[in-house]
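Let's take a walk through this model together, starting with a pocket and ending with the backbone.

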Amino acid sequence: MSVSSISSVKCILFDLDGTLIDTAPDMVNALNTLLQEEGRFPLPYQIGRSVVSHGSPALLELGFGNNLSLDNNERIRTRFLDLYAQNLCVDTRLFTGMEKVLNYLENSGVCWGIVTNKPKRFTLPLLEQMGLHSRACSIVCGDTLTKNKPDPEPMLYALAQCGCKAENSLYVGDAQRDIEAGRDANMTTLLALFGYIANEDKVDSWGADIKIKHPVDIIEVLEAYN
């Protein structure tokens with residue numbers, strides 16, 4: 001989908017971590033709590049932040065390396081997920097400016113939803129605590145379907161729930177798999193440069209239609225096509 005082919009935008013789908021919501025503070029804190037429990041030094045926040053979009057496997061590899069035994073790895077993983085589940089929404093917030101974007105969408109009659117690889121165990125209670133669950137037209141989690149991003153199936157499922165066509169829809173994300181999934185669903189893709197992007201990420205090669213530096217840039221995109 002090229003930018004020039006958008007006639008009007010009827011729907012915007014968001015990735016969750018690193019795009020709609022800044023979950024890094026609580027996820028990195030869970031990791032550092034676990035590291036200290038295991039007698040290790042905590043990691044600097046910015047180092048942990050850069051991999052949050054890749055979920056718990058990336059965080060645990062960052063903190064513990066990849067040389068844990070199978071049994072120990074499962075114990076560490078379970079403890080990390082439990083720690084995070086107990087502290088889902090302590091310092092987690094919408095990214096600055098995102099509430100303005102959501103209000104704009106709702107006042108303009110543009111539906112919005114979430115397509116994330118984050119499991120329902122964490123996604124749904126987090127959105128409930130933040131008062132977002134009832135506002136979204138669709139919430140597709142990593143275990144809602146048998147496939148997740150970069151496969152386009154979750155995007156198409158969300159669009160069907162919203163009653164919208166791909167050619168009138170945008171997907172906003174901060175990872176390569178987000179851009180691939182949106183593109184393969186024939187949506188216009190926006191890369192959130194304010195998200196959890198590492199210095200070594202080659203974002204120009206991901207093929208996003210539009211790059212945005214701040215959430216409110218989404219409003220400018222909408223005003224250009226609506």
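Which residues lie nearest the centre of the largest pocket? They are Gly55, Ser56, Asn117, Lys118 and Pro119, out of 22 lining residues. Before going on, a word on the ground rules: this is a predicted model, so local features need pLDDT of at least 70 and side-chain atom pairs count only at pLDDT 80 or more, while totals for chains, interfaces and linings use all residues. Residues are numbered from 1 along each chain as its sequence is written, and side-chain values use heavy atoms, with hydrogens and water left out.

Back to the pocket. A pocket here is an open set of points on a 1 Å grid over the protein atoms alone where a 1.4 Å probe fits, with protein on both sides within 12 Å along at least five of seven lines; lining residues have an atom within 4 Å of a point. The volume of the largest pocket is about 420 Å³, counted as the space filled by probe spheres set on the points, which are joined across faces, edges and corners. Domain 1 (11-22 + 92-224) and domain 2 (23-87) both contribute lining residues, so the largest pocket sits between them; the domain bounds come from an automatic or database assignment. Helices α3 (55-64), α4 (70-86) and α8 each give two or more residues to the lining, and α4 gives the most, with four. (Helices are DSSP runs of H or I with at least four residues, strands are E runs with at least two, numbered from the N terminus.)

Now for the rings. Aromatic pairs are rings of Phe, Tyr and Trp (its six-membered ring) with centres within 6.5 Å; planes under 30 degrees apart are stacked, over 60 edge-to-face, the rest tilted. That rule gives four pairs. One of them, Phe14 with Trp112, is edge-to-face, at 6.3 Å centre to centre and 75 degrees between the planes. Phe14 is in strand β1 (residues 11-14) and Trp112 in strand β4 (residues 111-115), so this pair ties together parts 98 residues apart in sequence. Phe14 is buried at 0% relative accessible area (buried is under 20%, exposed over 50%, partly exposed in between, with a 1.4 Å probe and protein chains only). Trp112 is buried too, at 1%.

Finally, the backbone. Most residues other than glycine have a negative phi, and most peptide bonds are trans. Asn186, though, has a positive phi of about 70 degrees, and a cis bond joins Lys149 and Pro150, with omega about 20 degrees.
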